[in-house]
Amino acid sequence: MLIGEVARRSGVSTRMLRHYDALGLVRPTGRTVGGYREYSAEDVRRIFHVESLRSLGLSLKQIGRALQDPAFAPSALVSDLIRWTEERLARERELLERLRAIDASAPGDWQDVLRTVELMRELDSASAARRQQAVLARPEGRSVPAELLAGAVLAESDPVVAGALRWALARSGGDGVAALAAGAQSADVDIRRRAVLAIAGMPEAPGATEVLEETLADPDPQVRGHAALALGRQGAAAAVPALVGMVVEGSRDVDAAEALGTLSQDPVWADRITAALVDELAVPAADSATRIRLTQALVELGGTAARQVLRQLAHDDDRTVALVASALARVLEERSPEDRTDEDS
């Protein structure tokens, strides 16, 4: 079979077939009287073998080694190909993210594009100081794409730089919640923590409340805590069980109690929160420290129901709990003397 027919049947150009011949990859078995290359059926099969290996990303040098060395181990080369392909895909994903960030910045000209690219380079710097400066030193009136900031927040491990990024994101006015929401579902707990902490700093952004409520079921207590505190400060009643749990566990219990106090400004929820704390006080397994924290949380609620519970706890069998409850009951009475008068009458 002459080279032209082989090219038609195989789809490999005559130029590439000559290149294979020169490299020794596929040398035609014979020559015609006129000196033209003549390929056998075995030669054609070898061409298809070469093309198959090229489709996997092998170089011609690697293909030659694979076809000529009987001791060549395919598994080692395939493992290398997998690693190289993963690295290439990672680079392409990074490029795609950069292009999307540039597009989100709505550049008016190439100067805007170059400024965004420079910002991305600064945010990728190994120096924490440079990353922080990249955000804080932006000229007034020159916005930073929210999506770019959100991605930087999720990747930032330095707490100081992370704080600057969250501050900039909250001021950006863009839709950073969508990007952060994906981070809140990450398998990496550190990314989930960063995402929820950032969303907590922009609770009025569209979609923020919904994302925070979903993370109340997160298995990580820090993620749940960030979400519950943010929701509690916003008056979202869905946070009550998580906030009560934080008081019981002693995880940011003072902050949780203050958030419960904010929620108790609604009279309906004041009674429910008081009842939830009372239920936890009655749990047989609750130790003295836990019951003291629950007692202290009651003072944040105020109101008639909380004062009545504190008066009852002033006679608790646990002497420490009784002393704390007695002192806090007096604080509430001094804080709201008019309510005390109404109760006495």
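1. A nonpolar core here is a set of buried Ala, Val, Leu, Ile, Met, Phe, Trp, Tyr and Cys residues joined through side-chain atoms within 4.5 Å, where buried means under 20% relative accessible area, exposed over 50% and partly exposed in between (1.4 Å probe, protein chains only). By that rule the largest core has 71 residues, and L180 and L243 touch the most other members. Helix 8, residues 146-155, gives the most to this core, with seven residues; helices (H or I, at least four residues) and strands (E, at least two) are DSSP runs, numbered from the N terminus. There is also a second, separate core of 16 residues, with I3, V6, Y20 and L25 among them.

2. Before going further, the ground rules: this is a predicted model, so to speak of local features takes pLDDT of at least 70 and side-chain atom pairs count only at pLDDT 80 or more, while totals for chains, interfaces and linings use all residues. Residues are numbered from 1 along each chain as its sequence is written, and side-chain values use heavy atoms, with hydrogens and water left out.

3. On confidence: pLDDT is the predictor's confidence in each residue, from 0 to 100. The chain has a mean of 86, and 93% of its residues reach 70 or more. I'd flag residues 340-345, where pLDDT stays under 50. For that stretch the model has five contacts (heavy atoms within 4.5 Å) beyond four places in sequence.

4. Back to L243. Not counting residues up to four places away in sequence, L243 touches A228, L229, G232, A256, A259, L260 and L263.

5. G245 sits in helix 14, residues 240-249. Is G245 buried or exposed? G245 counts as buried, because its relative accessibility is 19%.

6. R252 belongs to the loop between helix 14 and helix 15 (253-263). Have a look at the backbone there: phi of R252 is near 50°, a positive value in a residue other than glycine. R252 is partly exposed, at 41% relative accessible area.

7. At the other end of the numbering, UniProt places "domain: HTH merR-type" at residues 1-69, in an unreviewed entry; its positions are given in the numbering used here, the feature names are shortened, and annotations may be inferred rather than shown by experiment. In the model, residues 1-69 are 61% helix and 6% strand, with the end C-alpha atoms 27 Å apart.

8. D21 is in helix 2, residues 14-23. What does D21 contact, leaving aside neighbours within four places in sequence? The partners are V26, R27, P28, R31 and R37. D21 counts as buried because its relative accessible area is 10%.

9. Q296 is part of helix 17, residues 288-301, and is partly exposed, with a relative accessible area of 38%. Beyond its neighbours within four places in sequence, Q296 is in contact with V324 and L328. Its C-alpha lies 93 Å from that of T29, 267 residues away along the chain.

10. One for the ring-minded: R272 lies over the face of W269, at 4.9 Å from the ring centre. The test asks for NZ of Lys or CZ of Arg within 6 Å of the ring centre and within 35 degrees of the ring normal.
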